Amino acid sequence: MKNLSNILLAQAAAFGLSAPALAQEAMTIDQRVNATFATVTGPFVNFIFAPFPGTAFPWIVLWLVVAASVFTVYFGLVQFRFFGHAIALVKGDYSDPKDAGEVSHFQALATALSGTVGLGNIAGVAVAVGIGGPGATFWMILAGLMGMASKFTECTLGVKYRNEYDDGTVSGGPMYYMSKGFKELGLPGGKILAVMFSVFCILGALGGGNMFQANQAHAQIAGIVGDYPGWITGLIFAAVVFAVIVGGIKSIARVTEKVVPFMGILYVGAALVILLVNYDKIGWAFGQIFAGAFTGLGVAGGLVGALIQGFKRAAFSNEAGVGSAAIAHSAVRTNEPITEGFVSLLEPLIDTVLICTMTALVITISGQLIMNPETGQFVLNEAGSAIKTIGDTSGVALTSAAFGSSISWFPYVLALAVVLFAFSTMISWSYYGLKAWTYLFGEGKTTELVFKVIFCIFIVIGAAASLGPVIDFSDAAIFSMAVVNIFALYFLMKIVRKELNSYSARLASGEIKKFKK
């Protein structure tokens, strides 16, 4: 690490002396990073998104959809029955400050939300709508509503099987409920699943948790201030992120409980202003969403393309079934594991149903997606792989253009939102990756520091690479976590139902009481 520091210092000094020369060299570095990254990760990405034979439908998408449907039915629409109670828990109505754990229900929710409410809501939705049309939004909403049950299942187990240490800290998540839960049921293979999940979680943290965030944050900033080397953005983000994550989950929670509400209000407020300015088009936009969901409206891939893009982006955005949020929720102060399952229900609702839908509406009504006025269908690009847009924008640039089409200075507001989204997602995913890392290599300050440094190095790499390889690797790494996690949840969900039945009975009888504040 000392050698790396010397190199970076030397580069910084050279920048001050000869900026143009360094910029030219930096672009060469960016291109080399991108080419190497795409070559190394290609086979892994191809496997995760391999389609069923004779179709274009990725097997991993069906894996997530089926699981969310099973949990929704198995727990009797728990996401709707206990929605009100979830709100009460977040408010702290049932919180005993003497319970074991490190953070409050609200802090745990804010930390988990900061890991999911990120650029998937801004850039990811733009990718989905750009390829699958407005109809992809319908499938995103549906996936979000069903995903609430998946989140409930994994987060309940995360608290139930967490490790609680003498110093008051805790470690939890899928790797712990896989190893301990399978052992409790007398099932083999729990430890193997835990190790597999931990490896994938580390890859997910380095990919979707920071590389994708840094990549799109740099794209938005460069779009406003002008093009410059990506690694500069990466270094700045890495320094700020490291300053926060070095303090552990309590430091992360203190930051996220302030940043998440602010960035959520900022972004949703901006979207509401756009929608109000174009209120006359909202009805038409919803018509496009519903029509596109079942007809495809001639977009790339037709109906199936809209469905696939909707489910893919929803899963990448809210991570229901992935298992990542269970790690953050495991740190909550509670002696009732099921309560955090209820709290976690709110994540996909806020993340996908609310924020993603608003993004999709803004893009749809902005007119950035080029439509043939004679046929009423969208015009595809030359490759036929996506809808043609004004200025050929995609990802975060498409969202920015959509916002800017109504109010010229909104891209600056969006740039601030992007930076906050990226920052909050990075610090949360650093915690997810850290817990997977310490599960594999043991607890300890040195072990933790090693991972945190590696994590920050990948922020720089992500900012320097291009969107294509980064988003492909991010999706593949996160979805591979879901393969292992959902497999385990099928075996462990009966434990969750037992917890649910017990708590429901005690809540109805008045045994579960509110605490005076």
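Buried, as used here, means under 20% relative accessible area, exposed means over 50%, and partly exposed lies in between, with a 1.4 Å probe run over protein chains only. By that rule Thr 153 is buried, with a relative accessible area of 0%. The model is a predicted one, in which local features need pLDDT of at least 70 and side-chain atom pairs count only at pLDDT 80 or more, while totals for chains, interfaces and linings use all residues. Residues are numbered from 1 along each chain as its sequence is written, and side-chain values use heavy atoms, with hydrogens and water left out.

## Overall make-up

The protein chain has 517 residues, of which buried residues make up 57%. Contact means heavy atoms within 4.5 Å, and among the contacts in the protein chain between residues at least 6 apart in sequence, 83% join residues at least 24 apart.

A nonpolar core is a set of buried Ala, Val, Leu, Ile, Met, Phe, Trp, Tyr and Cys residues joined through side-chain atoms within 4.5 Å. The largest such core has 146 residues, and those with the most contacts inside it are Phe 152, Val 241 and Phe 342. Helix H19 (residues 410-441) gives the most to this core, with 17 residues.

Leaving aside residues up to four places away in sequence, Phe 152 touches Phe 75, Val 78, Ile 338, Gly 341, Phe 342, Ser 344, Leu 345, Val 496 and Leu 500. Thr 153 lies in helix H8 and, with the same exclusion, touches Phe 71, Phe 75, Leu 489, Met 493 and Val 496.

Helix H18 (residues 395-404) is largely enclosed by the rest of the structure, because seven of its ten residues are buried. The buried residues of H18 are Gly 395, Val 396, Leu 398, Thr 399, Ser 400, Ala 402 and Phe 403.

## Cavities

On a 1 Å grid over the protein atoms alone, a cavity is a set of points where a 1.4 Å probe fits but cannot get out, and its lining residues have an atom within 4 Å of a point. Grid points are joined across faces, edges and corners, and a volume is the space filled by probe spheres set on the points. A search of the whole structure finds four cavities of 30 Å³ or more, and the largest cavity has a volume of about 140 Å³.

The largest cavity is lined by 14 residues, with Leu 64, Ala 68, Ala 143, Ala 315 and Ala 320 lying nearest its centre. Helix H3 (59-74), helix H8 (135-160) and helix H14 (302-318) each supply at least two residues of this lining, and H8 gives the most, with five residues. The lining divides into ten nonpolar, four polar and no charged residues, where Ala, Val, Leu, Ile, Met, Phe, Trp, Tyr, Cys and Pro count as nonpolar, Asp, Glu, Lys and Arg as charged, and the others, Gly among them, as polar.

## Salt bridges

A salt bridge is a side-chain nitrogen of Lys or Arg within 4 Å of a carboxyl oxygen of Asp or Glu, and by this rule the count comes to six.

| Arg 162 | Glu 164 | 3.1 Å |

Arg 162 is buried at 6% relative accessibility, whereas Glu 164 is partly exposed at 48%. Lys 388 is partly exposed at 33%, and Asp 392 is exposed at 59%. Lys 452 is buried at 6%, as is Glu 448 at 17%; Lys 452 and Glu 448 both lie in helix H20 (residues 445-464), four residues apart, about one turn of the helix.

## Backbone exceptions

Most residues other than glycine have a negative phi. Leu 77, although not a glycine, has a positive phi of about 55 degrees; Leu 77 lies in the loop between H3 and helix H4 (78-81) and is partly exposed at 44% relative accessibility. Asp 392, likewise not a glycine, has a positive phi of about 55 degrees, and Asp 392 is found in the loop between strand S4 (377-378) and H18.

Methods:
On a 1 Å grid over the protein atoms alone, a cavity is a set of points where a 1.4 Å probe fits but cannot get out, and a pocket is an open set with protein on both sides within 12 Å along at least five of seven lines; lining residues have an atom within 4 Å of a point.
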